[in-house]
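Please look through the sequence and the model shown here before reading on. The paragraphs that follow begin with a single residue and then widen the view to the strands around it.

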Amino acid sequence: MNRTIMLAACVFTLAVPLSSSAQDMAVTAGEQAKVVLDNDKVRVIQLDIAPGGKTGMHSHGDSLVVFLTGADATQTGADGTKTQRRTEAGEVMWSEPVTHDTENTGKEAVKVLVVELKEPAK
């Protein structure tokens, strides 16, 4: 195998895990996200998003979202569709698998817990 092919194979091997983790909200939201629980059943992410802050485009499976504060937000889907949302503190929402970005369009920081369900082991 020549050096060019070997180099290309190494770059591809390194790039594949990076591209899949780029869709992880705990990564795309940066310091705004903190994983507070991760086991074989669920992963719980605490989000603290300042006004104007975004989660970054990410994907997750079935999840439960608990709003610790009220929120005004715009969600942008993978296809570019935008949806405005207004939620109240204490509201709980179910989310099917989705790829989206969420922007805090309100004047206050938003605090949310996202409980991502994991597939059961087979």
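Ile 45 touches Met 25, Ala 26, Ala 33, Lys 34, Val 35, Val 112, Leu 113, Val 114 and Glu 116, where residues up to four places away in sequence are not counted, and contact means heavy atoms within 4.5 Å. This is a predicted model, in which local features need pLDDT of at least 70 and side-chain atom pairs count only at pLDDT 80 or more, whereas totals for chains, interfaces and linings use all residues. Residues are numbered from 1 along each chain as its sequence is written, and side-chain values use heavy atoms, with hydrogens and water left out.

Ile 45 also belongs to the largest nonpolar core, which has twelve residues, among them Met 25, Ala 33, Leu 47, Phe 67, Val 112 and Val 114. A nonpolar core is a set of buried Ala, Val, Leu, Ile, Met, Phe, Trp, Tyr and Cys residues joined through side-chain atoms within 4.5 Å; buried means under 20% relative accessible area, exposed over 50%, and partly exposed in between (1.4 Å probe, protein chains only). At least two residues of this core come from each of β2, β4 (63-67) and β9. In soluble globular proteins, nonpolar side chains tend to be buried together.

How are the strands arranged in the open sheet of five strands? Their order is β1-β2-β9-β4-β7, and the pairing is antiparallel; strands here are DSSP runs (E, at least two residues), numbered from the N terminus, and two of them pair if DSSP finds at least two bridges between them. At the edges are β1 (33-38) and β7 (92-95), each of which pairs on one side only. Strand β9 (residues 110-117) pairs with β2 in the antiparallel sense over eight bridges, and five bridges join β9 to β4, again with antiparallel pairing. Val 112 in β9 is the bridge partner of Leu 47, and Phe 67 also stands opposite Val 112.

Arg 43 is found in strand β2 (residues 42-49), and it counts as buried because its relative accessibility is 14%. Arg 43 stands opposite Glu 116 in β9, and its contacts, leaving aside neighbours within four places in sequence, include Asp 24, Val 35, Val 114 and Glu 116. The side chains of Arg 43 and Asp 24 are joined by a polar contact of 2.7 Å. A polar contact is a pair of N or O atoms within 3.5 Å; within protein, one must be able to donate a hydrogen and the other to accept it, and residues adjacent in sequence count only if both atoms are side-chain atoms.

A further open sheet has four strands in the order β3-β8-β5-β6, and the pairing is antiparallel. Because β3 (58-60) and β6 stand at the edges with a single partner strand each, one side of each is left without a neighbour in the sheet. Three bridges join β3 to strand β8 (residues 98-104), and His 58 stands opposite His 100 in β8.

Is Gln 84 buried or exposed? Gln 84, which lies in strand β6 (residues 82-87), is exposed, with a relative accessible area of 58%. Not counting residues up to four places away in sequence, Gln 84 touches Ala 73 and Thr 74, and its side chain makes a polar contact of 2.9 Å with the side chain of Thr 74. The C-alpha atoms of Gln 84 and Thr 105 are separated by 9.1 Å, although these residues are 21 residues apart along the chain.
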